[in-house]
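I opened my notebook to look up a few things in this structure. Here is what I wrote down, entry by entry.

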Amino acid sequence: MIDPFGRHISYLRVSVTDRCDLRCVYCMAEDMTFLPKSEVLTLEELERLCGTFIDLGVRKLRLTGGEPLVRKNVMSLVRGLGARIGSGLEELTLTTNGTQLTKYADDLAAAGVRRINVSIDTLDAAAFKAATRWGELDKVLDGVFAAKAAGLHVKINAVALKGVNEHEFDRMLAWCGEHGFDLCLIETMPLGEISEDRTDQFLPLSLVRARLKQNWTLNESSHTTGGPARYYDVAETGTRLGFITPMTHNFCESCNRVRLTCTGTLYMCLGQEDAADLRAPLRDPALGEEGLRAAIADAIARKPKGHDFVIDRRRSAPAVARHMSVTGG
Ligand code: SAM
Ligand code: SF4
């Protein structure tokens, strides 16, 4: 799959559910309304659709959400997709909040998952509870260590939030180094109504990086995971530190990804509204596999050049109305 700007699309992110057992303040409102089950693809439909994408050239697939591990029977999908590793698919990964990892870490490893991203914004239990509204840090840390024990490589993702975790990054980097985890810091993006003002939370990572450089030797790394992060090797720990800066740095030129929601809607860009419905062709027996492939090809031909997130400090409305938990973070 090659888009109009010559970019090879080889990475599919799939939001397997819009539901979640946490309510992170920058991601969801506390009283979120979730999709009716009838609109959500079955796990069998998701597996078939992902299979078609793999046949068309997707090499890396990430399951996300919402919280992917709260979807009932999600392991059947993970096992089904894991079986495609080595026959088309090169890598199956997962982004999770970690609350269910003690239960699933071994099964994930057995299904062929080698790396996972776990979102932890702070290592302070009270601040963690405040940031996630409902989360218990200890439970998540138990999950992270279960993943490590199962042989999964863990990357910790933290959204940089002014006044929440901005003075904690040294400690987090040291903790990650101690346990062999990479750390990736992310700028907040203006996605979805959340009942709070995001411009108050926005913390530019250029500032964070400059502060960290005072205490750590950060050597620019050529490492890439096929994503938008810029990596540094941390000399003191032997682990990596990544920065994802959608607001201050344009990473669209090398974009290789598209995003599928749990209703079968394909978003060609996280920061744009245009989308293609794949549920109708998926469910139409008259169209068959060829019809589905044609719908995907049509969508890829519409992939835009890039997003245009801007921080407008006079406006608290989000740049894109749908939440990250819908499109899949
Ligand atoms: N529930 C899983 C988790 O938290 O890892 C997967 C889905 S979550 C939407 C994926 C990632 O998106 C998380 O790391 C989360 O912190 C991030 N995220 C959510 N809303 C965001 C926003 N408005 N700006 C930047 N990152 C966001
Ligand atoms: Fe749930 Fe992940 Fe959003 Fe937090 S960031 S509310 S864990 S989907």
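**The chain as a whole**

I started with the surface: the protein chain has an accessible surface of about 13900 Å², and 50% of that belongs to carbon and sulfur atoms. Such areas come from the Shrake-Rupley method with a 1.4 Å probe, and for residues only the protein chains shown count as cover.

I noted that this is a predicted model, where local features need pLDDT of at least 70 and side-chain atom pairs count only at pLDDT 80 or more, while totals for chains, interfaces and linings use all residues. Residues are numbered from 1 along each chain as its sequence is written, chains are lettered from A and ligands numbered from 1 in the order in which they are written, and side-chain values use heavy atoms, with hydrogens and water left out.

Next I looked up the helices and strands: the protein chain has 10 helices and 12 strands. These are DSSP runs numbered from the N terminus (helices are H or I, at least four residues; strands are E, at least two). Of the 329 residues in the chain, 57% are buried. Buried means under 20% relative accessible area, exposed over 50%, and partly exposed in between (1.4 Å probe, protein chains only).

**Helix α3**

Which residues of helix α3 are buried? I found Leu 101, Tyr 104, Ala 105, Leu 108 and Ala 109 in this helix, which covers residues 101–110. Seen down the axis of α3, the buried residues fall within an arc of 140°, so they line one face of the helix. The arc is that of the directions from the helix axis to the C-beta atoms.

On the other side of α3, I saw Lys 103, Asp 106 and Ala 110 exposed. The buried residues of α3 pack against α2 (74–82), β3 (91–96), β4 (115–119) and α5 (137–149), where contact means heavy atoms within 4.5 Å. Just after α3, Gly 112 has a positive phi of about 110°.

**Ligand 1**

I counted polar contacts here (pairs of N or O atoms within 3.5 Å; within protein, one must be able to donate a hydrogen and the other to accept it, and residues adjacent in sequence count only if both atoms are side-chain atoms). A side-chain N or O atom of Tyr 26 is 3.0 Å from an oxygen atom of ligand 1. A polar backbone atom of Gly 66 is 3.0 Å from a nitrogen atom of ligand 1. Taken alone, ligand 1 exposes 540 Å², and the protein buries 95% of that.
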